[in-house]
Structure formats: C-alpha cells, structure tokens
Amino acid sequence: MAASSSSSDTVPLLTPYRMGRFHLSHRVVLAPLTRNRAYNTIPQPHAAVYYSQRATNGGLLITEATGVSDTAQGYPHTPGIWTKEQVEAWKPIVDAVHKKGGIFFCQLWHVGRVSNYDFQPNGQAPLSSTDKGITPGLEGVQWSPPRRLRKDEIPGIVNDFRLAARNAIEAGFDGVEIHGANGYLIEQFMKDQVNDRTDEYGGNLENRCRFALEVVEAVTNEIGPNRVGIRLSPYTDFMEAIDSDPDALGLYMANALNKFNILYLHVIEPRVVGARVHQGPEDEIPHRLLPMRKAFNNTFMAAGGYTRTKGNRAIADNYADLIAFGRLFLANPDLPRRYELDAPLNKYDRSTFYISDPVVGYTDYPFLEEASGH
C-alpha cells in the first residue's frame with residue numbers, strides 16, 4: 001500500500017529494516033556531508049553534538065568523508081582517520097551517537113586529483129589515475145595538476161584504505177562506507193573520461209573497476225564484509241568525472257560487489273547534476289537505478305534529492321531499502337520525527353554549509369519542540 005500523509009497509516013520510511021546484523025528502526029539515513037569543521041584534520045568535540053543531535057535509536061548515520069592518509073586531503077578542515085590522534089578524537093563522537101542507540105559508519109575517502117599542492121605532504125602533486133587535471137577555476141579553486149600513480153604505488157593506496165578501516169573500528173564505528181563517488185580517487189579510476197591508463201588499471205570496464213574492487217577486498221578482509229558499504233555515483237559529473245556508459249558501469253559494479261558480500265550499496269540518483277538536483281513531480285518514481293538494485297544481493301540505499309513523499313514511494317515500491325537524506329537532515333536534526341508527524345521542515349541555509357564555525361549552520365538548527373515554542 002502506498003503511504004498517505006496521514007500519520008494513522010504506515011509511513012514506509014519509518015518501518016523497521018534488518019541490515020545484516022543491524023536492526024534499524026527506520027529507513028531514514030544521514031547521508032555523508034562534508035562539514036569543514038575538523039580543524040587541522042582532527043575531529044572536534046562539536047562534532048559529537050552535531051551527530052548525536054541527528055542520532056535516533058536504531059537509526060543509521062554516515063560520517064562526513066574522512067581522509068585515509070595525508071595524501072587524501074583536498075579541502076580545509078576535513079577529518080582524517082590515519083593517525084592515533086584522529087582515532088582518539090573520533091572516540092567520544094562515536095560514543096555520543098551510540099549513547100542514543102544510533103548505528104554509525106565512517107565514510108573513507110581519498111580525493112585524488114580534487115586537491116592542490118597546499119593540501120599535499122611537502123607540497124607535492126595530488127595523486128590520481130591520470131595526469132589530466134581538473135579545469136582550473138572550477139568551483140572557484142585553482143586545482144593543481146595531478147600525478148598519475150605508478151602501478152607499483154597502487155597497493156600502498158589500497159593499504160591506506162585497509163588501515164583506515166581498521167582505525168575506524170578501533171574508534172568504535174560500527175562499520176565503514178568506502179567513498180567511490182563524486183569524482184574522487186576511486187571514481188577517477190572507474191570513469192572512462194578521466195582514466196586514460198593503458199595498464200591493467202585502465203582501458204576496459206573490468207580494468208577501470210579493478211582499483212575500486214581491490215579496495216573493497218582489502219577492507220572486507222580487514223574488518224569483515226558485514227561492516228562494509230560503498231557509495232557510487234555512475235551518473236554524476238562531479239569534478240568532471242564522467243563515464244560514457246554509466247548504465248554498464250553501475251551494473252558491472254553491482255554484480256562485482258556481490259562476490260565480497262558487503263553489507264550495502266549506496267548510489268546517488270542520476271537527477272543530481274553537479275551540486276544541483278533536478279526535481280521532477282513529487283510522485284515521480286525514479287527508475288534508473290533499478291538494474292543495480294536488482295543485481296545487488298544485499299541492502300540497497302538511494303540518495304539524491306529525496307523528499308518525504310519520494311522516499312516513501314521508493315520504499316513502498318521496493319526501489320530501495322534505505323534512503324539517505326543530506327541537506328534536509330542537516331537542517332532538521334529530528335528529521336525522522338518530523339516525517340512521522342508530517343511536520344513542516346526547517347529550510348537549510350546553503351551559505352553556512354562549509355563555513356568552519358563550530359555552531360552556526362551546524363548545531364543550531366532547531367528541533368520541532370524548539371521551533372514550536374514547547
């Protein structure tokens with residue numbers, strides 16, 4: 001039965017779901033959102049406030065993208081998880097989420113060429129699958145030309161992901177999400193408009209996906225497949241990462257991931273173009289990800305421009321098991337509660353998404369009770 005907005009009916013987004021060994025009380029997931037508030041790559045105490053505000057008993061949260069090494073960084077004040085100090089700083093943040101009964105996954109990333117000399121150790125060139133850089137000036141940044149990884153260097157980067165996954169478990173996280181989306185390093189290997197290699201990491205689809213699957217294999221071997229998810233965006237064009245056949249890329253990866261029996265596959269909808277979302281009618285059912293959804297054996301999560309109506313429809317129609325919400329969850333720390341009551345939502349303020357203030361645009365969005373004055 002499709003959901004109506006009446007709270008007397010079942011709200012599909014708020015039905016329980018078993019994700020491997022995790023019992024989720026609802027299907028509203030906090031999407032990974034870069035927040036630029038981890039000063040000098042160290043997670044800060046204010047992050048414990050931010051994440052615990054959005055935590056619910058049996059709700060799944062995914063952290064902001066978190067660097068796996070000193071070569072992985074490309075933006076100011078993004079957190080890492082490659083040093084002891086970073087691991088120790090994450091522990092109280094994870095504890096704050098667990099105190100509220102939340103399930104917490106750490107998103108592991110390497111930005112690849114989406115960086116510049118300032119963020120790299122010793123001011124070196126950013127690492128990528130290619131020597132081709134991002135067009136300088138894109139998104140207002142002077143991207144430095146990258147250096148193509150040599151074949152003998154690739155196992156070291158795979159190992160950085162493995163060690164970061166181990167560190168995440170040491171910090172107390174329930175699992176990790178490998179960031180294979182949004183034009184960052186893993187996608188720079190996967191997409192044929194970026195990857196121009198002629199060795200076994202370039203050329204055909206299987207070769208281009210080799211690096212991604214080596215990372216998945218290393219991480220699952222380290223912490224177990226029941227703690228591992230991956231995020232993919234075959235259809236997006238973030239940071240000039242485009243593929244000529246996204247349908248084939250997505251389907252190949254969905255099938256290949258089954259070999260590792262990982263916990264979930266998290267995919268960004270094609271309606272996300274750049275940083276914008278093309279919204280269709282509220283009752284429009286997305287369909288482009290269906291082949292990936294059908295191919296992948298375990299939990300399937302969709303993200304990108306979802307609303308309460310669209311999310312309910314996607315769950316009711318079995319298009320996805322879970323829906324990740326970004327900007328709406330940022331602006332509404334009690335989003336599952338508001339969806340339960342079909343209450344009005346706070347509007348998000350785009351101008352404060354990426355400022356480094358520890359409160360403004362971060363922990364100061366009101367809860368329903370505060371907003372209504374109760």
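Which residues lie nearest the centre of the second largest pocket? In this predicted model, they are His-26, Thr-56, Asp-334, Pro-336 and Arg-337. The lining of this pocket comprises 14 residues in total. The pocket holds about 200 Å³ of space. Helix H11, spanning residues 335-341, supplies three lining residues, the largest share. Five of its residues are nonpolar, four are polar and five are charged.

A search of the whole structure returns one cavity of 30 Å³ or more. The space in the largest cavity amounts to about 40 Å³. Its lining includes Arg-37, Ala-38, Pro-43, Gln-44 and Ala-47. Glu-64, Pro-79, Trp-90, Ile-93 and Tyr-362 also line the largest cavity. By class, seven of the residues lining the largest cavity are nonpolar, one is polar and two are charged.

Helix H1 covers residues 45-53, and helix H2 covers residues 84-99. Their axes come within 8 Å and cross at roughly 25 degrees. Angles under 35 degrees count as roughly parallel, and H1 and H2 are therefore roughly parallel to each other. The crossing of these two helices is right-handed. Seven residues of the contact between H1 and H2 are nonpolar, one is polar and none is charged.

Helix H3 (residues 154-170) and helix H6 (residues 210-223) have axes that come within 9 Å. The axes of H3 and H6 cross at roughly 35 degrees. H3 passes H6 in a right-handed crossing. From H3, the contact draws on Ile-154, Ile-157, Val-158, Phe-161, Arg-162, Ala-165, Arg-166 and Ile-169. H6 contributes Phe-211, Glu-214, Val-215, Ala-218, Val-219, Glu-222 and Ile-223. Eleven residues of the contact of H3 with H6 are nonpolar, none is polar and four are charged. Among the H3 residues in this contact are Arg-162 and Arg-166, and among those of H6 are Glu-214 and Glu-222.

Technical notes. Residues are numbered from 1 along each chain as its sequence is written. This is a predicted model: local features need pLDDT of at least 70, side-chain atom pairs count only at pLDDT 80 or more; totals for chains, interfaces and linings use all residues. Side-chain values use heavy atoms; hydrogens and water are left out. On a 1 Å grid over the protein atoms alone, a cavity is a set of points where a 1.4 Å probe fits but cannot get out, and a pocket is an open set with protein on both sides within 12 Å along at least five of seven lines; lining residues have an atom within 4 Å of a point. Grid points are joined across faces, edges and corners, and a volume is the space filled by probe spheres set on the points. Helices (H or I, at least four residues) and strands (E, at least two) are DSSP runs, numbered from the N terminus. Ala, Val, Leu, Ile, Met, Phe, Trp, Tyr, Cys and Pro count as nonpolar, Asp, Glu, Lys and Arg as charged, and the others, Gly among them, as polar. Axes are lines fitted to C-alpha atoms, for helices over the stretch in contact, and angles run from 0 to 180 degrees between N-to-C directions. Angles under 35 degrees count as roughly parallel, over 145 as roughly antiparallel, 65 to 115 as roughly perpendicular and the rest as oblique. A crossing is left-handed if the near helix is turned anticlockwise from the far one by less than a right angle, and right-handed if clockwise. Contact means heavy atoms within 4.5 Å.
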